[in-house]
Amino acid sequence: MQTPSKELESSSMTHEEEEAMLHDISKLQEKVQQMSCSQKLTEAKISGMEAKMNGMEAKMDNLKIDLNTNLKTGMADLRTDLTNFLQEILTNGEKVVKETHDENKTNVNHDSIDANVGSKTHHIPKIDMRNFDGKDPATWILQMEQFFDLNNVQNTQKVCMETVYLEPNQFVWYQWLCSHKKFITWAIFME
C-alpha cells in the first residue's frame, strides 16, 4: 500500500489556499516568537526581582544583627549605670541618714530651747493619720496643716513632725532633699 505523497496533497489545494495557509503559519510563528521573547523577558524580570529580594534579605539579616548587638550593648551599659547609681544612692543614703539624724538632734535641741523659753513646754499629741505614700499630696498636706493649726505646732517643728508620717520611699526623697538643702522649712517641704 502506498501513502499519498505531499505533492498530491498540495496539488489538491489551490494556490490561494496555499498562500493563506502559509500566511497563517507565518502569523503563528510570529506569535510563538513574541511569546518566547515575552517569556524570556518575564524570566529575566523574575531573576532580577529574586536577586533584589536576596539582597534585601541580607540587609535585613545585617540589621537584625546590628540591632541585637546594639540592644545588648545598651542593656549592659544601662545595667552598669543603674548599678553605679544604686551604689551611689546607698552610699549617699547612709550619709544622709546620719546627717539627717544629726540635724534632727540639732532641731530638737533648738525646739526644746524655743519651747522652754518664756512659757511652759508644749506637748504635741500623735494622731492616727495615714502615712504619705506619694499619692494625693494636696490632701495629705491639707490634713497636716489642719493638725498643725489645731495643736498650735510651731513652724520649726512642722518638718520634723511630718517625717513621722512618711512611707519609706517618701522618706528616701526627704533624705535626698536634706542632702541638697541646708535648712528645710515647711514651705520648702511643701514645694
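## Ser179 and helix α5

S179 has a relative accessible area of 35% and is therefore partly exposed. The residue belongs to helix α5, which spans residues 168-180. A polar atom of the S179 side chain lies 2.6 Å from the backbone oxygen of W176.

The structure is a predicted model, and the values given here are computed from it.

## Overall fold

The secondary structure consists of 6 helices and 0 strands. Read from the N terminus, the order of elements is α-α-α-α-α-α. The chain has 191 residues, and 17% of them are buried.

## Helix α4 and Lys158

Helix α4 covers residues 155-162 and contains K158. Of the 8 residues in α4, 6 are buried, so the helix is largely enclosed by the rest of the structure. The buried positions are Q157, K158, V159, C160, M161 and E162.

K158 is buried but has no salt bridge. The nearest side chain of opposite charge belongs to D149, at 5.0 Å. What does the side chain of K158 contact instead? It makes a polar contact with the side chain of N155, at 3.0 Å.

L82, F85, L86 and I89 form a nonpolar surface patch of about 360 Å². One of these residues, I89, sits in helix α2, which runs over residues 15-116. Is I89 buried, partly exposed or exposed? Its relative accessibility is 35%, so I89 counts as partly exposed.

## Cysteines

How many disulfides does the model contain? The count is 0, where a disulfide would need a pair of cysteine sulfur atoms within 2.5 Å. Such a bond is a covalent link between the sulfur atoms of two cysteines.

C178, at 8% relative accessibility, counts as buried. C160 is another buried cysteine, and it lies in α4.

Methods
Residues are numbered from 1 along each chain as its sequence is written. This is a predicted model: local features need pLDDT of at least 70, side-chain atom pairs count only at pLDDT 80 or more; totals for chains, interfaces and linings use all residues. Side-chain values use heavy atoms; hydrogens and water are left out. Patches are made of residues with over 30% relative accessible area and no salt bridge: like charges are joined within 9 Å, nonpolar side chains (Val, Leu, Ile, Met, Phe, Trp, Tyr) within 5 Å. Accessible areas come from the Shrake-Rupley method with a 1.4 Å probe; for residues, only the protein chains shown count as cover. A salt bridge is a side-chain nitrogen of Lys or Arg within 4 Å of a carboxyl oxygen of Asp or Glu. Helices (H or I, at least four residues) and strands (E, at least two) are DSSP runs, numbered from the N terminus. Buried means under 20% relative accessible area, exposed over 50%, partly exposed in between (1.4 Å probe, protein chains only). Lys and Arg count as positive and Asp and Glu as negative; His and the chain ends are not counted. A polar contact is a pair of N or O atoms within 3.5 Å; within protein, one must be able to donate a hydrogen and the other to accept it, and residues adjacent in sequence count only if both atoms are side-chain atoms.
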